[in-house]
Amino acid sequence: MQPTIEERIGLELGRRLAARGVAAAALERSVGLPAGAVEQLVLGRESLDLGRLERVLSAVGTTPSEFFAALYGAPPAAPAPAPAAGTAAVLGREEVEHLVRDVRTALRTLLAELAEEG
């Protein structure tokens, strides 16, 4: 019997948590998941909406594109060549996704701080 998509995502998520030494409780706190949720995810008994999945992957230190490439067995993308001297650098998709995620995180943090002050 083929594993479900939830089980496959759970296995890949579990591998990445172990490889990076991320504790389940710390991940749950950082992304606002209830206690025990990560265990259920890793076991394939729970699924996440895309927004939460993006936050989980960010907290684990990976991008959705890296995660799903590994999940579906795609080879890793070749690094982009360095721009020629004197030319502007063009960001690749993964770099843009990473920057967008960092900006979103910074904005959420700023908004939370402002709310606490207000």
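This tour moves through the structure stop by stop, naming what to select and what is found there.

**Before starting**

The model is predicted: local features need pLDDT of at least 70, side-chain atom pairs count only at pLDDT 80 or more, and totals for chains, interfaces and linings use all residues. Residues are numbered from 1 along each chain as its sequence is written, and side-chain values use heavy atoms, with hydrogens and water left out.

**The whole chain**

Display the protein chain in a cartoon view. The chain has six helices and zero strands, and its pattern along the sequence reads α-α-α-α-α-α. Helices (H or I, at least four residues) and strands (E, at least two) are DSSP runs, numbered from the N terminus. Of the 118 residues in the protein chain, 19% are buried. Buried means under 20% relative accessible area, exposed over 50%, and partly exposed in between, with a 1.4 Å probe and protein chains only. A contact means heavy atoms within 4.5 Å. Among contacts in the chain between residues at least 6 apart in sequence, 67% join residues at least 24 apart.

**Helix 4**

Select residues 50-60, which form helix 4. Next, select Leu53, Val56, Leu57 and Val60, which are buried in helix 4. These residues lie on the same side of helix 4, because they cover an arc of only 95° around the axis. The arc is that of the directions from the helix axis to the C-beta atoms.

**Thr63, beyond helix 4**

Continue to Thr63, in the loop between helix 4 and helix 5. Thr63 counts as buried because its relative accessible area is 4%. Its side chain makes a polar contact with the side chain of Ser65 at 3.1 Å. A polar contact is a pair of N or O atoms within 3.5 Å; within protein, one must be able to donate a hydrogen and the other to accept it, and residues adjacent in sequence count only if both atoms are side-chain atoms. Leaving aside residues up to four places away in sequence, Thr63 touches Leu57, Glu97 and Arg101.

From Ser65, step across to Glu94: their C-alpha atoms are separated by 7.1 Å, although the two residues are 29 residues apart along the chain. Glu94 is found in helix 6 and is partly exposed, with a relative accessible area of 32%.

Select Leu33, in the loop between helix 2 and helix 3 (37-42). Is Leu33 buried or exposed? At 9% relative accessibility, it counts as buried. Not counting residues up to four places away in sequence, Leu33 touches Glu28, Val38, Leu41, Leu48, Arg52 and Val56. The C-alpha atoms of Leu33 and Arg52 are 8.8 Å apart in space, and the two residues are 19 residues apart in sequence.

Leu41 is the next selection, in helix 3. Leu41 is buried, at 6% relative accessibility. With residues up to four places away in sequence left out, its contacts include Glu6, Gly10, Leu13 and Leu33. Leu41 and Leu11 are 30 residues apart in sequence and 8.7 Å apart in space, C-alpha to C-alpha.

**Glu12**

Move to Glu12 in helix 1. Glu12 is buried, with a relative accessible area of 8%. Apart from residues up to four places away in sequence, Glu12 touches Phe67, Ala70 and Leu71.

**The second largest pocket**

For the last stop, select Glu54, Arg55, Ser58, Ala59, Arg101, Arg104, Thr105, Arg108 and Thr109, which line the second largest pocket. On a 1 Å grid over the protein atoms alone, a pocket is an open set of points where a 1.4 Å probe fits, with protein on both sides within 12 Å along at least five of seven lines; lining residues have an atom within 4 Å of a point. The second largest pocket holds about 170 Å³ of space, the volume being that filled by probe spheres set on the points, which are joined across faces, edges and corners.

Which helix gives the most to the lining of the second largest pocket? Helix 6 does, with five residues. Helix 4 and helix 6 (93-117) each supply at least two residues of this lining. By class, the lining comprises one nonpolar, three polar and five charged residues. Here Ala, Val, Leu, Ile, Met, Phe, Trp, Tyr, Cys and Pro count as nonpolar, Asp, Glu, Lys and Arg as charged, and the others, Gly among them, as polar.
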